[in-house]
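Here's a quick tour of a protein chain for someone meeting it today. Have a look at the fold, then read on.

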Amino acid sequence: MKISKRFKQVAVVAFGIVLLAVCYYMGIRYIIRSLMPVDAASEESSSHYVVLVAKSTEPNYWKTVFAGANVAATEYNLTLSCEGPMSEEDYQAQNEIIARAVEDGAEALIFSSIDYNANAEAVDAAAAAGVEVVVIDSDVNSAAVSCRISTDNYEAGKMMASAILENEADELNVGIINFDENTANGQQREEGLRDGLAEDARAQVAGMVTVISTEEAAKEATIGLLKENPEINVVVAFNEITSLGVCYAMEELDAGDEVMAVVFDSNVTSVGMLESGAVDALIVQSPYAMGYLSVECAYELINGIALESDAVDTKTTVVTRENMYDEECQKVLFTFD
């Protein structure tokens with residue numbers, strides 16, 4: 001059958017219109033995807049879903065964990081959801097997030113436990129449902145965990161003791177501000193600190209307060225501890241939030257010349273106070289590496305790849321005013337903001 005010239009013209013025009021429509025659609029789709037967050041953009045193409053449950057979502061420490069985790073999720077083409085409760089005491093909310101993750105089809109759970117025992121049942125239930133479990137930061141009482149990636153908390157406590165013992169005072173009377181007594185990492189850090197201090201006859205624990213993980217609670221506790229125990233000339237704290245409370249207390253009391261402060265983690269405020277003299281040393285962890293390695297581990301577990309180890313110790317650094325401008329210390333202080 002002979003095709004008319006007119007028909008050919010119409011067909012060419014129609015094809016052109018379809019081609020333009022496809023190009024327009026693909027262009028719009030590309031622009032939309034480029035504006036989407038990493039989690040949402042990867043959701044369409046990824047067949048593996050991972051949930052990271054932190055102790056909280058607001059502290060700089062956890063935001064840095066999420067940053068490392070999201071980079072790894074992009075590299076390994078995983079759909080990643082980073083979640084956590086408002087309060088670092090709310091283990092019930094963590095359990096609810098875990099249960100929801102299982103219902104939503106998560107294949108791996110990355111978890112930092114608020115309560116060593118009270119979170120165990122939810123973790124065990126997730127594992128029984130076929131979810132791979134990786135622990136970061138703070139351990140949980142579960143045999144179902146495939147890998148643990150964290151600071152060596154006991155050794156970090158001993159590093160804190162070593163920093164204190166650099167002080168040449170005749171007596172070192174230490175005041176401890178710790179957080180939830182059911183959280184494993186805080187207790188391990190305190191144990192390491194106490195064992196490290198016991199190696200020097202000059203040092204002793206003169207007072208201790210356990211507080212909820214808020215800046216205000218830690219600040220008030222620090223002020224109260226120092227007023228009730230005037231012999232205290234060293235004060236310590238074991239996580240970012242309580243450390244900030246100690247920092248603010250030291251600043252308000254203008255106690256930097258009389259009381260040595262050695263605290264965990266870093267952010268703009270604590271680094272500024274280290275520089276000014278309100279704080280003497282920061283025990284800085286590697287939250288970015290913790291986040292990245294945990295997602296990498298989740299990918300390996302999902303895909304049946306043998307792990308090199310079921311326990312990974314991420315780096316811890318003692319940063320003081322004397323070394324804070326060294327290149328290595330700058331890297332850990334200002335890694336990913």
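## Contacts along the chain

In the protein chain, 73% of the contacts with a separation of 6 or more come from residues 24 or more positions apart; a contact means heavy atoms within 4.5 Å. This is a predicted model, where local features need pLDDT of at least 70, side-chain atom pairs count only at pLDDT 80 or more, and totals for chains, interfaces and linings use all residues. Residues are numbered from 1 along each chain as its sequence is written, and side-chain values use heavy atoms, leaving out hydrogens and water.

## Two packed helices

Take helix α6 (residues 153-165) and helix α7 (residues 184-197): they pack at an angle of about 40°, and their axes are 6 Å apart. The axes are lines fitted to C-alpha atoms over the stretch in contact, with angles running from 0 to 180 degrees between N-to-C directions. Helices here are DSSP runs of H or I with at least four residues, strands are E runs of at least two, and both are numbered from the N terminus.

Which residues of α6 meet α7? Among them are Y154, M160 and I164 in α6, which face a set in α7 that includes L193 and L197.

## A spot in strand β6

N178 sits in strand β6 (residues 172-178). With 0% relative accessibility, N178 counts as buried, a label for anything under 20% relative accessible area, using a 1.4 Å probe and protein chains only (exposed is over 50%, partly exposed in between).

Leaving aside residues up to four places away in sequence, N178 touches G186, Q187, E190, M208, V209, T210, V211 and F238. A237 is 59 residues from N178 in sequence, yet their C-alpha atoms are 5.9 Å apart in space.
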